[in-house]
Amino acid sequence: QVHVVESGGGLVQPGGSLRLSCTATGISFGIYSVGWHRQGPGKQRELVAYMTSTYRTNVLDSVKDRFTISRDNTKKMVYLQMNSLKPEDTAVYYCSTGGYRDRGYRPDYWGQGTQVTVSS
């Protein structure tokens, strides 16, 4: 059984930083692509960043200069480093694992999400 679990969310002031972590078990982690998504209040879920099994990355333009995705295959972990956070980054952040198919990242397994709130 596949388990995807996020951690690291919380309340942070504008301009602050957070690092989200995600572990995925029950799969051959190293051969999967991994991704982070978010869903803000009243908004649709959007793909924030993904990293393929060959370490190719793609990051949402609006956060490209502030967010960094990384992975540690030995620990089966995925990270999202978020800097210079803005109130509009407030959302539930979801981790996923999946594949790179049809010229895009396709998530197969999802975590439950972790809340990130950016507010003074």
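Me: Which residue forms a salt bridge with Arg 38, and how far apart are the closest N and O atoms?
Reply: The partner of Arg 38 is Glu 46, and the closest N and O atoms are 2.8 Å apart. Please keep in mind that this is a predicted model.

Me: Is Arg 38 buried or exposed?
Reply: Arg 38 counts as buried, because its relative accessibility is 7% and the cut-off for buried is under 20%.

Me: And what about Glu 46?
Reply: Glu 46 has a relative accessibility of 30%, so it counts as partly exposed.

Me: Which residues are linked with Arg 38 in a network of salt bridges?
Reply: Arg 38 is linked with Glu 46, Arg 66 and Asp 89 in such a network.

Me: Why can such side chains pair?
Reply: Side chains of opposite charge can pair when their charged atoms come close.

Me: How many salt bridges are found in the whole structure?
Reply: The search finds five. One of them joins Lys 64 to Asp 61, with the closest N and O atoms 2.9 Å apart.

Me: Where do those two stand, buried or exposed?
Reply: Lys 64 is partly exposed, at a relative accessible area of 45%. Asp 61 counts as exposed, because its relative accessibility is 63% and the cut-off for exposed is over 50%.

Me: Which side chain meets Arg 101 in a salt bridge?
Reply: That side chain belongs to Asp 108, and the N to O distance is 2.9 Å. Arg 101 is partly exposed, with a relative accessible area of 36%. Asp 108 also counts as partly exposed, at 35% relative accessibility.

Me: Changing topic to the strands: what is the order in the open sheet?
Reply: The sheet has four strands in the order β1-β3-β8-β7, and their pairing is antiparallel.

Me: Which strands are at the edges?
Reply: The edge strands are β1, residues 3–7, and β7, residues 67–72. Each of these pairs on one side only.

Me: What is the average twist from one strand to the next?
Reply: The twist averages 15°.

Me: Back to β7: how many bridges does it share with β8?
Reply: There are six bridges between β7 and β8, and the two strands pair in the antiparallel sense. Strand β8 covers residues 77–82.

Me: Which residue of β8 stands opposite Thr 68?
Reply: In β8, Gln 81 stands opposite Thr 68.

Conventions. Residues are numbered from 1 along each chain as its sequence is written. This is a predicted model: local features need pLDDT of at least 70, side-chain atom pairs count only at pLDDT 80 or more; totals for chains, interfaces and linings use all residues. Side-chain values use heavy atoms; hydrogens and water are left out. Two strands pair if DSSP finds at least two bridges between them. Axes are lines fitted to C-alpha atoms, for helices over the stretch in contact, and angles run from 0 to 180 degrees between N-to-C directions. A salt bridge is a side-chain nitrogen of Lys or Arg within 4 Å of a carboxyl oxygen of Asp or Glu. Buried means under 20% relative accessible area, exposed over 50%, partly exposed in between (1.4 Å probe, protein chains only).
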